[in-house]
Amino acid sequence: MSDKILMCGNEVAGEAAIRAGLDAYFGYPITPQNEFTAYMARRMPEEGRVFVQSESELAAINMVFGAAATGKRAMTSSSSPGISLMQEGLSYLAGAELPAVVVNMMRGGPGLGNIAPSQSDYFQATRGGGHGDYRTIVLAPASVQEIADLMHLAFDLADLYCMTVLILGDGYLGQMMEPVCLDPPASHPDLPPKDWALTGADQRPQRIVRSLWLGDGALEDLNLRLQEKYRRVEQDEVRWEQYAVDDADIVVVAYGIMARIVRSAVDKARREGLKVGWFRPITLWPFPSEPLRRIADQPRVFLTVEMSYGQMLDDVNLAVAGSSPVLFYGRAGGAVPTVDEVLERIEKIALPVKT
């Protein structure tokens, strides 16, 4: 572990990706993640690796496809409108079963919106976004340090399951500066060999990477294989964090930067004598439904807080499955709920809970 250094989230994401073994980065500038692309423009050539500022986000994701098909660790990063342009390429990556890492530092929407932080891309990230029956693993860091930690995990999961891993941040996480410890470059001996990679068919049989399946039943076979893989991911890769839940009458659910704000509100509520807990999904897909369902086995009230108008709320409702009330508070368009706003909501809920 290195000494602590002060870096912004976008730059930490780039440096962590390099230390995780990134071979090629392709990207197109967009606020609020421009520092990411600028950092990689300097650091990737220093490391003797590939950096390309593409002509568009559409080009960037297809360059990722090409590099990933050769077995290299490849990634791109963007923000909400740019990620929307990549959806066709993400579906192609899923259809070809290629590993890739994509970072989305979300901004306000819909449309071009603004450059303020938001969490309004949750549906797009966790429901596929592009066409077809596919999934992407979605990791939601809550700090600059966690961006670094999850970046290593993202590349390993991408290689392990041969699928796209999306790191879902926001404008705050990308721009804010915090002390961070960066892991040294690491080897990954336990990952499966890439015996599907296009490395030149000299003295070996031909290999084909494709997302077009025209033979009778071939596409259904692919979809069945994908669904089996996704079931393994749902079984083995769920990650979450919880706090002060055991005796809680109210459990507040939040992810990413919003979870940090909620945690402070929960601490304030505890000091007021209110029995409040906190639950943070780290994987947004697979969503930690079963851990949340176990919490709902006891009578409680759930409050979901988001920087959107209730996108994660759907998954919380599905997990709780009607066994407890699920309430919601959120703001959108770059507006961020404050600690005091969340605390006020908790206090309003606490009164009827007590009586």
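This is a predicted model: local features need pLDDT of at least 70, side-chain atom pairs count only at pLDDT 80 or more; totals for chains, interfaces and linings use all residues.
Contact here means heavy atoms within 4.5 Å.

Thr164 is placed in strand S7. Beyond its neighbours within four places in sequence, Thr164 touches Leu90, Leu93, Leu98, Ala100, Val102, Thr136 and Ile137. Its relative accessible area is 5%, and because buried means under 20%, Thr164 falls in that class.

Leu90 and Leu93 are also among the buried residues of helix H5, together with Gln87, Gly89, Ser91, Ala94, Gly95 and Ala96. In this helix, residues 87-96, eight of the 10 residues are buried, so that H5 is mostly covered. What do the buried residues of H5 pack against? Their partners are helix H3 (57-69), helix H4 (80-85), strand S5 (100-106), helix H6 (122-126), strand S7 (164-170) and helix H9 (218-236). Directly after H5 comes Glu97, with a positive phi of about 55°.

**Helix H3**

H3 has 13 residues, which at 1.5 Å a residue should span 18 Å; the C-alpha atoms at its ends are 19 Å apart, in agreement. Its buried residues are Glu57, Ala59, Ala60, Ile61, Val64, Phe65, Ala67, Ala68 and Ala69. The cover over them includes strand S2 (24-27), strand S4 (74-78), H4, H5 and S5.

After the helix comes Gly71, whose phi is positive, near 90°.

**Strand S11**

Val276 and Arg280 both belong to strand S11, which covers residues 276-281. Val276 has 0% relative accessibility and counts as buried. Apart from neighbours within four places in sequence, Val276 is in contact with Ala244, Ala248, Ile250, Val252, Val266, Ala269, Arg270 and Ile346. The C-alpha atom of Val276 is separated by 5.8 Å from that of Val251, 25 residues away along the chain.

Is Arg280 buried or exposed? Arg280 is buried, at 4% relative accessible area. Its side chain forms a polar contact of 2.9 Å with the side chain of Glu146.

**Backbone features in loops**

Most residues other than glycine have a negative phi, and most peptide bonds are trans. The table lists departures from these patterns.

| Site | Backbone value |
|---|---|
| Cys162 | phi near 50°, positive |
| Ala244 | phi near 55°, positive |
| Gly109 to Pro110 | cis, omega near 5° |
| Trp285 to Pro286 | cis, omega near 0° |

Cys162 sits in the loop between helix H7 (144-161) and S7, and at 17% relative accessibility counts as buried. Ala244, a contact of Val276, is in the loop between strand S9 (240-243) and strand S10 (250-253). Ala244 is partly exposed, with a relative accessible area of 27%.

Which loops hold the two prolines of the table? Pro110 lies in the loop between S5 and H6. Pro286 is in the loop between strand S12 (283-285) and helix H11 (289-295).

Key:
Residues are numbered from 1 along each chain as its sequence is written. Side-chain values use heavy atoms; hydrogens and water are left out. Buried means under 20% relative accessible area, exposed over 50%, partly exposed in between (1.4 Å probe, protein chains only). Helices (H or I, at least four residues) and strands (E, at least two) are DSSP runs, numbered from the N terminus. A polar contact is a pair of N or O atoms within 3.5 Å; within protein, one must be able to donate a hydrogen and the other to accept it, and residues adjacent in sequence count only if both atoms are side-chain atoms. The expected span of a helix is 1.5 Å times one less than its number of residues.
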